[in-house]
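Hi,

Here is the structure I promised to pass on.

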Amino acid sequence: MGNKYTKRYTEEFKRDAIALVDSSGKTVTAVARELGISSESLRAWHRRAKADQGEGQPGELTGAEREELRRLRKENREQQQTIEILKKATAFFAKESDR
């Protein structure tokens, strides 16, 4: 995931920072500077929060959709591994039965 220099922020901190952007009338960059965080991080949190509220860009995924996509990709990866194992087993047993 992240390296040892990556800061982790609590969900509560993220919610408060997003609320500050929405209520203060200041830019994302100004609020980020005040909080001492990366403006890009705050911008991403704000964009995701808007998407989760149905106010995002067309085609932008909500948090639930991102989580489902992550889960489906993991499941797909596991199924592909299973298929590869079964192919190898089939080839092995086919070779053994020819002897």
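Predicted model: local features only at pLDDT ≥ 70, side-chain atom pairs only at ≥ 80, totals over all residues.

Below is what came out of the analysis, starting with the ground rules.

Numbering starts from 1 along each chain as its sequence is written, and side-chain values use heavy atoms, with hydrogens and water left out.

Let's begin with helix α2, residues 28-35. (Helices are DSSP runs of H or I with at least four residues, strands are runs of E with at least two, and both are numbered from the N terminus.) Val 28, Val 31 and Ala 32 are buried there; buried means under 20% relative accessible area, exposed is over 50% and partly exposed lies in between, with a 1.4 Å probe and protein chains only. Looking down the axis of α2, those buried residues fall within an arc of 100°, so they line one face of the helix. What do the buried residues of α2 pack against? They pack against α1 (11-24) and α3 (39-52). Just after α2, Gly 36 takes a positive phi of about 75°.

With 0% relative accessibility, Ala 32 counts as buried. Leaving out residues up to four places away in sequence, Ala 32 touches Ile 37, Ser 38, Ser 39 and Leu 42, where contact means heavy atoms within 4.5 Å.

On to the helix packing. α1 and α2 pack at an angle of about 135°, and their axes are 10 Å apart. (Axes are lines fitted to C-alpha atoms, for helices over the stretch in contact, and angles run from 0 to 180 degrees between N-to-C directions.) That makes α1 oblique to α2; under 35 degrees would be roughly parallel, over 145 roughly antiparallel, 65 to 115 roughly perpendicular, and the rest is oblique. On the α1 side the contact is made by Phe 13, Ala 17, Leu 20, Val 21 and Ser 24, and on the α2 side by Val 28, Val 31 and Leu 35.

Now the rings. The structure holds four aromatic pairs. (Rings of Phe, Tyr and Trp, the last by its six-membered ring, pair if their centres lie within 6.5 Å; planes under 30 degrees apart are stacked, over 60 edge-to-face, and the rest tilted.) For Tyr 9 and Phe 13, the ring centres are 5.1 Å apart and the planes are at 20°, so the pair is stacked. Phe 13 also forms an edge-to-face pair with Trp 45, at 6.3 Å centre to centre and 85° between the planes. This pair links distant parts of the chain, with Phe 13 in helix α1 and Trp 45 in helix α3, 32 residues apart. Phe 13 is partly exposed at 27% relative accessibility, whereas Trp 45 is buried at 12%.

Last, His 46 lies in helix α3 and is buried at 17% relative accessibility. Its contacts, not counting residues up to four places away in sequence, are Ile 18, Val 21 and Asp 22.

Cheers

Technical notes: Arc of directions from axis to C-beta.
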